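Student: I would like to learn how to read helix faces and strand pairing in a model. Could we work through a case?

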Amino acid sequence: MKYNWRRWFRAFHRDIGYAAVALILAYGLSGLAVNHIDDWNPNYTYSSENVNVGPLTGTIPEMAATVVSKLKIDPKAVRGHYQETATELRVFLDDGQEAKVDITNGKGTLKTVSKRVVFFEVNSLHLNNLKGVWTYVADVFAVAMIVLAITGMTMMKGDRGLMGRGKYFVLGGLAIPIIGIFYIYS
Amino acid sequence: MRRALILVVLLAAACDKGPPTSASSNAAAAATAPAAPAASAPAAPKGETFGAGVKLTSSTPIDTILAEPKKFAGQTVRVEGMVTDVCPKRGCWFEMAGEKPGQKLRFKVTDGEMTFPAEAKGRKAVAEGVVAVKELSLEESKEYAKYQAEEYKLPYDPAKVTEPMSIVRIDGTGAVFVN
């Protein structure tokens with residue numbers, strides 16, 4: 001009896017595809033996000049509001065305390081302060097918040113940073129920011145993608161299979177990276 | 001005589017490894033002993049660890065490095081200070097405050113090697129890496145100033161860059177953000 005390997009390939013392709021769908025979507029979404037990193041920040045959003053605490057006097061710690069008091073910030077949220085220039089004082093707060101004021105006139109900004117929901121997480125996975133165990137998870141996923149490619153390419157036979165119209169699609173797909181590589185080295 | 005302007009922040013024309021520095025190109029041959037008096041510091045900082053963490057047991061003050069950067073070029077040092085800025089998009093660098101106003105030292109890693117969170121500003125960092133010093137031409141200095149202005153969303157006036165810059169940074173191997 002002839003061994004039906006295509007049947008196994010279809011089964012592999014189907015079931016590995018089910019298992020990989022979440023990561024394919026996550027990595028695809030992240031890929032779109034980080035491809036356009038020059039145009040937007042795929043991980044964080046920043047907001048800023050103008051503040052005016054009035055001219056500051058005293059030592060740097062005293063001025064920092066005044067900023068915190070005038071902006072009605074919980075002193076427990078203060079991480080530290082830093083004099084950037086002769087006139088610019090920065091007060092660092094929890095969660096990456098920052099008050100930056102001009103010592104001479106008290107005008108400045110209160111900046112807030114927030115993670116982009118979903119994007120931050122999928123980018124961390126896609127770019128392997130986690131390191132450690134996730135490196136091996138990503139390795140398994142990479143092998144799964146190779147298996148999906150091979151089984152997907154070969155599981156059909158006839159006119160719709162690799163030897164039919166499939167070869168033209170494969171060659172077309174192969175041309176894309178080859179053209180890219182020629183572009184890189186030209 | 002050319003007067004170098006010591007800039008504590010460092011470049012990375014994009015957020016990659018940045019332009020090669022004399023020290024980074026010789027990193028493999030880098031010495032490991034800090035040549036300056038070490039500041040007191042806890043031997044093993046506890047907190048969020050990045051990369052290889054911190055192995056040296058004593059820190060070199062940032063001010064000391066910035067005062068004589070060429071003396072430290074190519075040496076592996078441990079430094080510590082408050083995080084004042086983090087690479088906003090890729091998290092591939094952060095800056096630490098020195099003792100004096102305006103003094104900062106950038107800790108830079110290759111993109112993806114370590115990713116520092118944008119919310120880390122104000123936290124204490126203990127970091128280890130190789131001191132790199134890069135002398136820029138006037139033209140490179142203008143390019144660098146332009147990049148910096150874009151990164152910090154500040155106005156850029158090339159006419160204000162009149163002297164070649166010298167840039168000092170740490171090519172990082174590991175860091176700990178202390179809890």
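This is a predicted model: local features need pLDDT of at least 70, side-chain atom pairs count only at pLDDT 80 or more; totals for chains, interfaces and linings use all residues.

Student: Which residues of helix α2 of chain A are buried?

Tutor: The general idea comes first. An α-helix has 3.6 residues a turn, so residues three or four places apart point the same way. In α2(A), residues 60-70, the buried residues are A:M63, A:A64, A:T66 and A:V67. Seen down the helix axis they fall within an arc of 155°, so they line one face of α2(A).

Student: Which exposed residues does the face turned away from the buried side of α2(A) carry?

Tutor: That face has A:P61, A:E62 and A:S69. The cover over the buried residues includes β2 (78-83), β3 (88-93) and β4 (98-102) of chain A. Just after the helix, A:K72 has a positive phi of about 55°.

Student: Now chain B. What pattern does it follow along the sequence?

Tutor: It reads β-β-α-α-β-β-β-β-α-β, with 3 helices and 7 strands. Of its 179 residues, 49% count as buried.

Student: Which strands does β3(B) pair with?

Tutor: β3(B) runs antiparallel to β6(B), residues 124-135, with 7 bridges joining them; B:T76 stands opposite B:V130 there. β3(B) also pairs with β4(B), residues 93-97, in the antiparallel sense over 3 bridges, and B:V83 has B:M96 as its bridge partner. The hairpin of β3(B) and β4(B) has 6 residues between the strands, and B:G91 takes a positive phi near 65° in it.

Technical notes
Residues are numbered from 1 along each chain as its sequence is written. Chains are lettered from A and ligands numbered from 1 in the order in which they are written. A residue is buried if 20 or more other C-beta atoms lie within 10 Å of its own, exposed if 12 or fewer, and partly exposed in between; C-beta atoms are placed from the backbone. Helices (H or I, at least four residues) and strands (E, at least two) are DSSP runs, numbered from the N terminus. The arc is that of the directions from the helix axis to the C-beta atoms. Two residues are in contact if their C-beta atoms, placed from the backbone, lie within 7 Å. Two strands pair if DSSP finds at least two bridges between them.
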